[in-house]
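Then let us walk through a few places together.

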Amino acid sequence: MKKIQLGNTSEFLPAIGIGTWGMGGKFEADYSKDQEAIEALVKAVDLGMTHIDTAEYYGAGHTEEIVGKALKKIEVKKVFITSKIWPDHLRLKDAINSIEATLKRLGTDHVDLYLVHWPSSELTIEETMETMNELLKRGYTRYIGVSNFSVNQLKEAIRFSKAPVVCNQVRFNIQDRAAEESGLLDFCVENHVTLTAYSPLNRMDFDSPTRRKLEEVARHKNATWTQIALAWVVKKGALTIPKATSREHLEENAKAGDLELSNEDMEYLESK
Ligand SMILES: NC(=O)c1ccc[n+]([C@@H]2O[C@H](COP(=O)([O-])OP(=O)(O)OC[C@H]3O[C@@H](n4cnc5c(N)ncnc54)[C@H](OP(=O)(O)O)[C@@H]3O)[C@@H](O)[C@H]2O)c1
């Protein structure tokens, strides 16, 4: 499994981690498939996808409870937990309530990385980063970062944060390359901010030309087209966190962390 440096830290994370959106519900809690989700997380970690991405928003908190149940079956030291604070909770008092509730659900005394889930429409980025720095100072998290921030918003976050902003988690996949086209990816590389690509499989909704190219490269590589889609993201230098629950999907995704695409493969995949 390839490793990617987190910001400018001494931390190297597996290029492919595991997403949790939909495990334990989406906008509200759904308890019907808890066991399947817990087993998927344990399996993911066993396969080397030790970076677990979650958020207080997912399943109205229940997703973090599922992660917490999985953590009871895993050596906690082995995993790197990212969670996210909802933008309505960024005033310090609310933020402390949020992170404490998250930690209670996870059953841990800190998270590894805490992200601002979306920029706030009420607080300035200066106020937002003040809160995040305070949470870091109080030991609730080891690192801080942001999600869904544009280049300008990220510039501001870096300017106002005392501690390094180590990550910007954004949507990025071979079909949705806005993060690259806007200059965000280059900006992240130049400023030691790791870009984490969410929806790397575009939630399995690729158009036919993209799908055909992925399949073509997959044939040559003796791989599956979904593995090529993930390897494309990794080749761009991004961390990624595909969500998967089926055993087959998990095994496939973990193996994509060892795939090497050539420059020719990349050119072909990106050709019109
Ligand atoms: N920061 C944000 O605002 C934000 C927004 C969206 C997502 N995220 C994070 O990013 C994670 C990933 O994004 P996502 O869940 O939106 O989309 P995604 O990872 O692109 O797609 C997930 C879907 O792909 C399927 N899948 C996974 N591996 C597969 C494989 N090898 N072959 C076929 N199908 C496969 C999954 O099915 P099964 O589950 O049935 O295996 C699931 O239906 C989320 O779970 C979440 O943690 C963050």
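Which helix gives the most to the negative patch? Keep in mind, as you look, that this is a predicted model. The helix to find is H4, spanning residues 125-137, and its share of the negative patch is 3 residues. On the surface, the patch of negative charge brings together Glu 126, Glu 127, Glu 130 and Glu 156.

Let us pick one member of that group. Glu 126 belongs to helix H4. With a relative accessibility of 38%, Glu 126 counts as partly exposed, because that label covers values between 20% and 50%.

Now move to a residue in another setting. Ser 147 sits in strand E7, which covers residues 141-147. Is Ser 147 buried or exposed? Its relative accessibility is 1%, so Ser 147 counts as buried. What lies around its side chain? A polar atom of the Ser 147 side chain is 2.8 Å from the backbone oxygen of Gln 169. The backbone oxygen of His 117 is 3.3 Å from a polar atom of the Ser 147 side chain.

Our last stop is helix H9, made of residues 225-235. Why can we say that H9 is largely enclosed by the rest of the structure? The reason is that 10 of its 11 residues are buried. Among the buried residues of H9 are Trp 225, Ile 228, Leu 230, Trp 232 and Val 234. Follow the chain past H9 and you come to Gly 237, which has a positive phi, near 90°.

Note on methods: Residues numbered from 1 in each chain as written. Predicted model: local features only at pLDDT ≥ 70, side-chain atom pairs only at ≥ 80, totals over all residues. Heavy atoms only, no water. Patch = residues over 30% accessible without salt bridge, like charges linked within 9 Å, V, L, I, M, F, W, Y side chains within 5 Å. Areas by Shrake-Rupley, 256 points an atom, 1.4 Å probe, with all protein chains shown as cover. Salt bridge = Lys/Arg side-chain N within 4 Å of Asp/Glu carboxyl O. Lys, Arg positive; Asp, Glu negative; His and termini not counted. Charge placed at Lys NZ, Arg CZ, Asp CG, Glu CD. Helix = DSSP H or I, 4+ residues; strand = E, 2+ residues; numbered from the N terminus. Buried < 20%, exposed > 50% of the residue type's maximum accessible area, 1.4 Å probe, protein only. Polar contact = N/O pair within 3.5 Å; in protein donor to acceptor, adjacent residues only side chain to side chain.
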